[in-house]
Amino acid sequence: MTRPELVARAGRLAEGGHRRILGLAGAPGSGKSTLAAALADTLGKCTQVVGMDGFHLAHTELVRLGRVDRKGAPDTFDALGFVALLARLRDNTDDVVYAPRFDRTLEDPIAGAVPVPRGVPLVIVEGNYLLLDGAVWGTVRPLLDECWYLDPGEQTRQSWLITRHEAHGRSPAAARAHALGSDERNARLIAGSRSRADLVIDPLAR
């Protein structure tokens with residue numbers, strides 16, 4: 001689909017008269033945050049973006065659990081907390097729901113950083129594991145009205161991811177090692193969930 005078609009489809013979700021949730025899923029570096037921001041910029045005040053990355057476990061907790069080298073894997077997130085937030089967003093009975101935001105400079109989440117007022121009809125949720133099956137993660141998909149899987153192609157995705165890692169302070173060698181190591185293991189897991197998406201899209205489409 002073209003970008004205008006995607007904007008129109010998201011816009012129709014916002015016109016339903018009640019709170020809808022659109023998910024953007026995909027492997028690390030697939031352009032989820034960029035597309036979410038573009039949709040929100042175009043649709044304006046009728047939407048708010050919430051990132052799954054806000055539910056990363058804090059670095060100190062990953063140290064305690066011995067999972068620092070696996071940061072970004074499914075068990076390094078507060079999946080139950082994420083599901084609880086989605087349920088609150090879907091119920092839409094509170095005047096405002098506050099979501100956390102992940103700060104890539106701090107490499108830690110910040111609580112209460114993203115306000116979602118009750119009057120916002122469309123929440124765009126972006127994250128790696130929205131389509132994952134089984135256990136807690138499998139309860140995410142039923143809370144989404146639609147979910148799109150972003151696939152820019154592996155070479156493009158890996159290039160974007162390496163560039164992102166470098167922009168946040170890693171050396172070129174360390175950025176490449178991370179992108180092709182733990183990130184790639186997570187990417188293969190995420191790719192296995194794409195069949196549960198309503199759309200598989202190329203974020204480069206215009």
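Rings of Phe, Tyr and Trp (for Trp the six-membered ring) are taken as a pair if their centres lie within 6.5 Å; planes under 30 degrees apart count as stacked, over 60 as edge-to-face, and the rest as tilted. By this rule the count comes to five aromatic pairs. The structure is a predicted model, in which local features need pLDDT of at least 70 and side-chain atom pairs count only at pLDDT 80 or more, while totals for chains, interfaces and linings use all residues. Residues are numbered from 1 along each chain as its sequence is written, and side-chain values use heavy atoms, with hydrogens and water left out.

| Aromatic pair | Centre to centre | Angle between planes | Class |
|---|---|---|---|
| F82 and W137 | 6.2 Å | 50 degrees | tilted |
| Y129 and W137 | 5.5 Å | 55 degrees | tilted |

F82 lies in helix α4 (residues 79-91) and W137 in the loop between β5 (122-127) and β6 (146-150), so their pair ties together parts that are 55 residues apart in sequence. Helices (H or I, at least four residues) and strands (E, at least two) are DSSP runs, numbered from the N terminus. F82 and W137 are buried, as is Y129; buried means under 20% relative accessible area, exposed over 50%, and partly exposed in between (1.4 Å probe, protein chains only). One aromatic cluster is formed by F55, F77, F82, Y129 and W137.

Strand β1 (residues 20-25) pairs with β6 in the parallel sense over four bridges, and A25 has Y149 in β6 as its bridge partner.

Key. Two strands pair if DSSP finds at least two bridges between them.
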